[in-house]
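Hi everyone, thanks for coming.

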Amino acid sequence: MGQSFSEWVSTVSNFVWGPPLLILLVGTGIYLTVRLGGIQITKLPYALKLAFSKNQDQSSKGDISHFQALMTALAATVGTGNIVGVSTAVVLGGPGAIVWMWVSGFFGMATKYAEAVLAVKYRVTDERGQMAGGPMYYLERGLNQRWLAVAFAAFASIAAFGIGNGVQTNSVALALKTTFDVPLYISGILIMIFTGAVILGGVRSIGKVVSYFVPVMIAFYLGSGLIIMVMNYSLIPDAFALIFSSTFSAEAIGGGAIGAAIRYGVARGVFSNEAGLGSAPIAAAAAKTDMPGRQALVSMTQVFLDTLVVCSVTGLTLVMGGQIETGLEGVELTSATFELFLGPAGGYIVTIGLVLFAYSTVLGWSYYGERSIHYLFGQKSILPYRIAFVLVAGLGAMTTNLNLVWALSDVFNGLMAIPNLIGLLFLSGVVIAETKRFNQQLEIENRKVS
């Protein structure tokens, strides 16, 4: 009975994450890109400057700064998908999957921008004076469809315990056990302590921690990958040639490999950056900002950093290593590749990177789940939720097999996208109007400067 249920859940997961949803996700990104005039190109330099500026808006309504909102969203998205997901995509879809990962990331930037515009525009102040926003609020207040808002919040709150918690802490514990022989229960206890210490303080506490933690985490992993590239720069041209040739070659198309490359490249790209799933706008809604468009540009950079930077480093390193067809996959392939170039230290780097990435995902998703639970059940549900979240983090670390939980949470993670994408498409006119209003404000600001 248990096995048949697992198989059924796996079948449902494959259906939810099948071609229709992937086409809808990327199609929404393409549609928004066209309507917004390629905003991910025209406004990216300004967006990056805004995201990392020291002089950020502190006077407007909100709970955390632009940078802290970005880091909270990055904490949730820069996770196991950047190490394990990219490896899986390259093994199952070939090196050409990396190109389709880039494609999904490029169009996903427009999707992420639109999500954040709506999140800030339709956010509300809760009973404790904190900002509450995200798809549930723009589905209810913008689209007037509360049933879709409730569906999204329910899917997100369930996914938070799985894909954003238990399966992440399980990855941490197993990685520490394999590399450093740390007992699972020790990892579980430490994870509960570190998780509880941060999330019990709410979004301001999470924002402060991740604003220091996430940049260091990304720099550590990126720096290691860039060292490999610099030390082996002669392999880079051939790696790019293989990536593009396996994407567009007649042999790949004729053999059906192009379909696998598109499917796994797009799927893993979306899984990593979460564009269209509706999670990141929950963090965007908490930002201190005077206009929706300003925070939306900051949110857009999240996809750029996650997919077009971090995932690219993993993917390019894997192709340079030439071990894609050895039978290894997931974290084992990434570890073997880093060890090939850096010796035993490479394996430690991947393990530490995986631990940091997974832990950051737990912190980011704890806030997404909290806001979803709050929308459904009110303020009284917050403390019980936080306690339950900390306990699940520990239990996940101490469990040896979470395949069923992975599959179940994968389903709910995908189901989140459906009501969110409906909201994005039907409210795209609002996004365009807010963008025009923001561009007019930018022109006024630029004239004052000049």
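Let's begin with helix α4, residues 44–52, where the buried residues are L44, A47, L50 and A51. They sit on the same side of α4, because they cover an arc of only 125° around the axis, the arc being that of the directions from the helix axis to the C-beta atoms. Buried here means under 20% relative accessible area, exposed means over 50%, and partly exposed is in between, with a 1.4 Å probe and protein chains only. Helices are DSSP runs of H or I with at least four residues, numbered from the N terminus.

A quick word on the source: this is a predicted model, where local features need pLDDT of at least 70, side-chain atom pairs count only at pLDDT 80 or more, and totals for chains, interfaces and linings use all residues. Residues are numbered from 1 along each chain as its sequence is written, and side-chain values use heavy atoms, with hydrogens and water left out.

Back to α4: what do its buried residues pack against? Their partners are α3 (39–42), α5 (66–77), α7 (97–121) and α16 (292–321), with contact meaning heavy atoms within 4.5 Å. P45 and K49 are exposed on the other side of α4.

Next, please find D410 in helix α20, residues 403–426. D410 is buried, at 18% relative accessible area. Leaving out residues up to four places away in sequence, D410 touches S13, W17, I163 and F271.

Last, two loop residues. D181, between α9 (146–180) and α10 (184–199), has a positive phi of about 55° without being a glycine. D181 is exposed, at 54%.  E274, in the loop between α14 (257–273) and α15 (280–284), also has a positive phi, near 60°, but E274 is buried, at 5%.
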